[in-house]
Amino acid sequence: MPIYLCLTLLSRPIAVMIFGGKSAIRDRIFICLAGLRGASSIVFAILAMDGGDSATEHNIFNIVFCVCLMSMLVQGTLLPSAARRLNLIDDNSNVLKTFNDYKEEDSITMMRMFVPEGHPWENKTLSEAVLPTGSLAVMIKRDGETIIPRGNTQILANDSVVMSVPPYESDKSLKLREIKIKGSHPWLGCKIRDLKLPDRLLIVMIKRGDENLIPSGTTEIRGDDIVVITDTEESANPPVPHKEKTNK
């Protein structure tokens with residue numbers, strides 16, 4: 001007990017206060033309260049046992065073990081309360097950042113854009129292509145080859161451009177739904193511009209095999225496509241819009 005009290009109340013606080021650098025006083029106090037906890041001291045005690053004489057080696061190990069045990073029981077239990085009292089808890093911060101310096105505040109979403117023949121990006125360099133705002137091209141997949149792009153890298157037909165894009169934080173009023181295009185579906189063989197969609201619906205993506213297509217008005221919907229739409233209404237079975245009738 002005297003050794004534990006000496007280390008906890010005297011030696012460690014003095015060392016922290018002297019060598020604490022520019023840390024705030026409340027940070028230094030918390031470090032003092034953090035104590036010895038951990039297995040390092042026990043490991044050092046084992047090393048001392050290997051190099052010491054038989055008369056003292058067991059006493060050293062027992063002393064270190066008891067000090068570490070008391071530290072975990074007393075200081076380890078009091079740390080959460082001490083952190084709250086010293087106002088060192090940030091409820092808005094991600095605790096994972098404590099253990100990973102590379103944890104970002106905002107997440108990043110990866111998106112792959114397939115470039116078919118006739119696409120506005122075809123035969124243009126990255127600096128010339130109009131990429132979505134906030135996006136960054138991180139790689140180009142071409143004939144099984146991975147290319148790390150630069151501003152002067154040319155985009156060719158049938159390339160897959162992989163981009164990092166900022167995620168959208170939904171307000172939960174917008175729902176994403178998938179519609180499977182079967183053989184009898186009224187959208188089969190139609191171009192998107194020919195569909196009479198309600199104002200609340202928007203086709204945002206078409207899943208076709210292994211490709212995710214960002215549609216335009218000229219995109220034709222094919223069999224076995226999965227059409228991803230946005231819908232602002234709560235409905236388990238949203239109405240399926242029909243093809244717009246054209247006057248002949």
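Visitor: Which strands make up the open sheet with S10 in it, and in what order?
Guide: That open sheet has 4 strands in the order S7-S10-S8-S9, with antiparallel pairing. Strands here are DSSP runs of E with at least two residues, numbered from the N terminus, and two strands pair if DSSP finds at least two bridges between them. This is a predicted model, where local features need pLDDT of at least 70, side-chain atom pairs count only at pLDDT 80 or more, and totals for chains, interfaces and linings use all residues. Residues are numbered from 1 along each chain as its sequence is written, and side-chain values use heavy atoms, leaving out hydrogens and water.

Visitor: Which strands are at the edges?
Guide: S7 and strand S9 (211–213), each pairing on one side only.

Visitor: And how many bridges hold S10 to S7?
Guide: Strand S7 (residues 175–180) and S10 are paired over 6 bridges, in the antiparallel sense. Arg-177 has Ile-229 in S10 as its bridge partner, and Lys-180 has Ile-226. Strand S8 (residues 201–208) is also joined to S10 by 6 bridges, again antiparallel, and there Met-205 stands opposite Val-228.

Visitor: Is S10 mostly covered or mostly open?
Guide: Strand S10 (residues 226–231) is mostly covered, with 5 of its 6 residues buried. Buried means under 20% relative accessible area, exposed means over 50%, and partly exposed is in between, using a 1.4 Å probe and protein chains only.

Visitor: New topic: how many salt bridges are there?
Guide: The structure holds 4. A salt bridge here is a side-chain nitrogen of Lys or Arg within 4 Å of a carboxyl oxygen of Asp or Glu. One of them joins Lys-207 and Glu-178, whose closest N and O atoms are 2.8 Å apart. Lys-207 lies in strand S8 and Glu-178 in strand S7, so this pair ties together parts 29 residues apart in sequence.

Visitor: What about Arg-208, who does it pair with?
Guide: Arg-208 forms a salt bridge with Asp-225, with 2.8 Å between the closest N and O atoms. Asp-225 sits in the loop between S9 and S10, so the pair ties together parts 17 residues apart in sequence. Both Arg-208 and Asp-225 are buried.

Visitor: And which residue does Arg-112 pair with?
Guide: Glu-211, with the closest N and O atoms 3.9 Å apart. Arg-112 is in strand S1 and Glu-211 in strand S9, so the pair ties together parts 99 residues apart in sequence.

Visitor: Where does S1 belong, then?
Guide: S1 is in an open sheet of 4 strands, ordered S1-S6-S3-S4 with antiparallel pairing.
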